[in-house]
Amino acid sequence: MNTTPQVSPAAAPIPAGPPSLEQLRDLQLPAEVGFWPPAPGWWLLAALLLGGLVWAGLWLWRRWQHNAYRRAALKLLSAYQLQLQQDNNRQRYLTQVAQLLRRTALSAYPYQPLAGLTDNAWRQCLIDSSGLDAFNGSAGDALVRGPYQAVIDFDTAAVEQLARDWIRKHKRRWSC
């Protein structure tokens, strides 16, 4: 039996003398840094992103709920248009659209005295709340004065487009 101890090459004594390439050992690299657990900065970033997503979701939900009356009004306007195509009663259509604008305005501005506005005061209220100068034209005239006249000639497409534009574009934060 051989009693001489086995010496590993890494633990072998380095002979005294000039160094040679055979005596060099490989560099020992440290262990790789793992991905988990993340650094505190990443936790903070994740918390901020999650908070931002929750806030954006709540904001979008509130905006959706806040504009429910607009969607309902646009749906009614489309129903009135379909009814007009079926029975061709233009005077009833004009009265329905004018009433729809008034009801939508009362929903949008519940604390404003809109119910008593007539003629030019109502027209100016519609213009001021939306910035649509088209209410000064023939379609606006039909919407403001038409329901109170026995017979009026108007362009149904222009009236519908003006009503649709006002429903979509009027500002919620406004006062008469």
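Is Gln-81 buried or exposed, going by its relative accessibility? Gln-81 counts as buried, because its relative accessibility is 16% and buried means under 20% relative accessible area, with exposed set at over 50% and partly exposed in between (1.4 Å probe, protein chains only). Before going further, a word on the model: it is predicted, so local features need pLDDT of at least 70 and side-chain atom pairs count only at pLDDT 80 or more, while totals for chains, interfaces and linings use all residues. Residues are numbered from 1 along each chain as its sequence is written, and side-chain values use heavy atoms, with hydrogens and water left out.

Now for the overall layout. The protein has six helices and zero strands, where helices (H or I, at least four residues) and strands (E, at least two) are DSSP runs numbered from the N terminus. Read along the sequence, that gives the pattern α-α-α-α-α-α. Of the 176 residues in the protein, 29% are buried. The protein exposes about 13,100 Å², and carbon and sulfur atoms supply 61% of that area (Shrake-Rupley method with a 1.4 Å probe; for residues, only the protein chains shown count as cover).

Not counting residues up to four places away in sequence, Gln-81 touches Tyr-93 and Glu-160. Helix α6 (residues 156-169) holds Arg-164, which is buried at a relative accessible area of 12%. Leaving aside neighbours within four places in sequence, Arg-164 is in contact with Leu-74, Leu-77 and Ser-78. The C-alpha atoms of Arg-164 and Leu-101 are 9.4 Å apart, although 63 residues separate the two along the chain. Val-159 also lies in helix α6, and with a relative accessible area of 0% it is buried. Beyond its neighbours within four places in sequence, Val-159 is in contact with Tyr-93, Leu-94, Val-97, Ala-139, Ala-142, Leu-143 and Phe-154. A separation of 8.7 Å lies between the C-alpha atoms of Val-159 and Ser-138, which are 21 residues apart along the chain.

The buried residues in α4 are Trp-122, Arg-123, Cys-125, Leu-126, Ile-127, Ser-129 and Ser-130. As a rule, an α-helix has 3.6 residues a turn, so residues three or four places apart point the same way. The buried residues of α4 pack against α3 (90-108), α5 (138-145) and α6. Arg-123, in helix α4 (residues 119-130), counts as buried at 7% relative accessibility. Its contacts, apart from neighbours within four places in sequence, are Phe-135, Asn-136, Gly-137, Gly-140, Asp-141, Val-144 and Arg-145.

A few backbone details stand out. Asp-119, found in helix α4, has a positive phi of about 45° although it is not a glycine, and Asp-119 is partly exposed at a relative accessible area of 32%. Just after α4, Gly-131 takes a positive phi of about 80°. Asn-88 is not a glycine either, yet it has a positive phi of about 55°; this residue is found in the loop between α2 and α3 and counts as exposed at 55% relative accessibility. Pro-37 is in the segment before α1, and the peptide bond from Trp-36 to Pro-37 is cis, with omega near 0°.

Finally, the surface has pockets. On a 1 Å grid over the protein atoms alone, a pocket is an open set of points where a 1.4 Å probe fits, with protein on both sides within 12 Å along at least five of seven lines, and lining residues have an atom within 4 Å of a point. The largest pocket has a volume of about 370 Å³, that is, the space filled by probe spheres set on the points, which are joined across faces, edges and corners. Its lining consists of Trp-59, Arg-62, Arg-63, His-66, Asn-67, Arg-70, Ala-108, Arg-172 and Arg-173. Helix α1 (residues 40-66) gives the most to this lining, with four residues. By class, the lining has two nonpolar, two polar and five charged residues (Ala, Val, Leu, Ile, Met, Phe, Trp, Tyr, Cys and Pro count as nonpolar, Asp, Glu, Lys and Arg as charged, and the others, Gly among them, as polar).

Terms used: Contact = heavy atoms within 4.5 Å.
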